[in-house]
Amino acid sequence: MSKLLKTRYSLYIMKKVIVTGTAGFIGFHLAKKLLNQGYEVIGIDNLNDYYDVRIKEARNKILKKNKNYTFKKINICEYDKLHDECKNHKCDMIVHLAAQAGVRHSIENPHVYGTSNVCGTLNIFEIARQHKIPKVVYASSSSVYGGNKKVPFSEKDNVDMPVSLYAATKKANELKAHAYSHLYGINMTGLRFFTVYGPYGRPDMAAYIFVKNLFENKPIKIFNHGDMERDFTYVDDIVNGIICAMNKDHKCEIFNLGNSRPEKLMDFVGLLEKHCGKKAIKEFHPMQAGDVKKTHACLKKTKEMLEWEPTTNLDEGLKKFVDWYKEYHKIKV
Ligand SMILES: NC(=O)c1ccc[n+]([C@@H]2O[C@H](COP(=O)([O-])OP(=O)(O)OC[C@H]3O[C@@H](n4cnc5c(N)ncnc54)[C@H](O)[C@@H]3O)[C@@H](O)[C@H]2O)c1
């Protein structure tokens, strides 16, 4: 079968997808794109208040305009509720994005990472087994690389030394995925996202906090005295990467989804100042527990096996983010 026909064929058979975390940042963008491509999406999210619920509701309201979107408010830790809901649908695939995110939050609040990320993910994998759903694409994280010094980070690198509980739960999920693939023949693809940003982004992440404080003339906290680098990845690129993974049939693989271009924290701040048209009041602080100094994705395997690469540079991505922020918060400058 030609490559084109294969792609068409897989799109045709994969019409109905369960996406967890659709009220979240990445899940929202993914569901929106899948709905636009003609998929039927069953969205699952518990709309928790880890950050302002209004932005989750705003995302969900946009998705609900599409008749092919069904939303179920379910906590993925409640297996029976998931099971009852999934009985009603014959789905081709699960994209599992729901999680308790945030490295820093995990330092003081470990239990929710154990329940939502560890038990919740086990429940989702078990749903795939019980309901004979042949494929799961799930979110992992660049944080699994912990304090690894060798850059760029490759999927072949040892990731046995997480420096946060959040990272430990993401690594645990990769191990569970391997067992599920091995035992039950479910295709499992894990995607290690690298610092995702963009419109409707998370209010607990740097881009959002910095822009908010810039517009409110409040100081921004810069950790490790600015000596940090992040491989920032634009959300549309991440969504395209997830869709590439959905369209492949890898038995059990893990891929980096990053920009493969680490940016200095102070350059990131400089770009935000440029797009906001304001100078930040900077407060310099030491490194925070659980944080890592640098992230940098190696994309060799991803390019070869997922046929994906990012296309948005930080300058244009941050412009889109700031434009969205101003419109969403009705900011006049
Ligand atoms: N944004 C990033 O930079 C980034 C980087 C690496 C990995 N990730 C991973 O990508 C995925 C999506 O992240 P995001 O940035 O969209 O985060 P998000 O917090 O915006 O979205 C996660 C969603 O999951 C939901 N959720 C959490 N616990 C739940 C539970 N027990 N039951 C049902 N729903 C629950 C939340 O309400 C939220 O809407 C997560 O797995 C996250 O760990 C994100």
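Predicted model: local features only at pLDDT ≥ 70, side-chain atom pairs only at ≥ 80, totals over all residues.

Lys293 is placed in the loop between β13 (281-284) and α11.

Leaving aside neighbours within four places in sequence, Lys293 is in contact with Asn224 and Met228. The pair formed by Lys293 and Asn224 is separated by 69 residues in sequence, while their C-alpha atoms are 8.0 Å apart in space.

## The open sheet

Seen as a whole, the strands β3-β2-β1-β4-β5-β6-β11 follow one another in that order in an open sheet of 7 strands with parallel pairing. At its edges are β3 (69-73) and β11 (252-257), each of which pairs on one side only. On average, and with direction ignored, neighbouring strands of this sheet are turned by 20 degrees against each other.

Several of the pairings can be followed strand by strand. Strand β1 (residues 16-20) pairs with strand β2 (residues 40-45) in the parallel sense over 5 bridges, and within this pairing Lys16 stands opposite Glu40 in β2. β1 also pairs with β4 in the parallel sense, over 4 bridges, where Val17 has Met93 of β4 as its bridge partner. From β4, 3 bridges lead on to β5, the two strands running parallel, and His96 has Tyr138 in β5 as its bridge partner.

## Helices on the sheet and the faces of β4

Helix α7 (residues 165-184) lies across β5, β6 (187-193) and β11, and runs at about 155 degrees to β5. Helix α9 also packs on the sheet, where it touches β4 (93-96), β5, β6 and β11, and its direction makes about 165 degrees with that of β6.

In a regular strand, side chains alternate between the two faces of the sheet. Both faces of β4 are covered, with Met93 and Val95 buried on one side and Ile94 and His96 buried on the other.

Nonpolar side chains tend to be buried together in soluble globular proteins. Here the largest nonpolar core has 86 residues, of which Val17, Ala31, Val41, Ile94, Val95 and Ile242 touch the most other members. Helix α9 (residues 235-246) gives the most to this core, with 8 residues.

Met188, in strand β6, counts as buried because 26 C-beta neighbours lie inside 10 Å. With residues up to four places away in sequence left out, Met188 touches Val136, Ala177, Tyr180, Ser181 and Cys252. Met188 and Phe71 are 117 residues apart in sequence and 24 Å apart in space, taken from C-alpha to C-alpha.

## Surroundings of the ligand

Around the ligand there are 27 residues, of which Gly21, Gly24, Phe25, Ala99 and Ala139 come nearest. The elements giving two or more residues to this shell are α2 (25-36), α6 (110-130) and β5 (135-141), and α2 gives the most, with 3 residues. Sorted by class, the shell has 13 nonpolar, 11 polar and 3 charged residues.

## Backbone features in loops

The peptide bond from Val151 to Pro152 is cis, with omega near -5 degrees, and Pro152 belongs to the loop between β5 and α7.

Lys132, in the loop between α6 and β5, has a phi near 55 degrees, a positive value in a residue other than glycine. Lys132 is exposed, because 10 other C-beta atoms lie within 10 Å. Glu307 likewise has a positive phi, of about 55 degrees, although it is not a glycine, and this residue is found in the loop between α11 (300-306) and α12 (314-328). Glu307 is exposed too, because 11 other C-beta atoms lie within 10 Å.

Conventions: Residues numbered from 1 in each chain as written. Near = placed C-beta within 6 Å. Nonpolar A, V, L, I, M, F, W, Y, C, P; charged D, E, K, R; others polar. Core = buried A, V, L, I, M, F, W, Y, C linked by C-beta atoms within 7 Å. Buried ≥ 20, exposed ≤ 12 C-beta atoms within 10 Å, placed from the backbone. Pairing = 2+ DSSP bridges. Axes fitted to C-alpha atoms, helices over the stretch in contact; angles between N-to-C directions. Contact = placed C-beta atoms within 7 Å.
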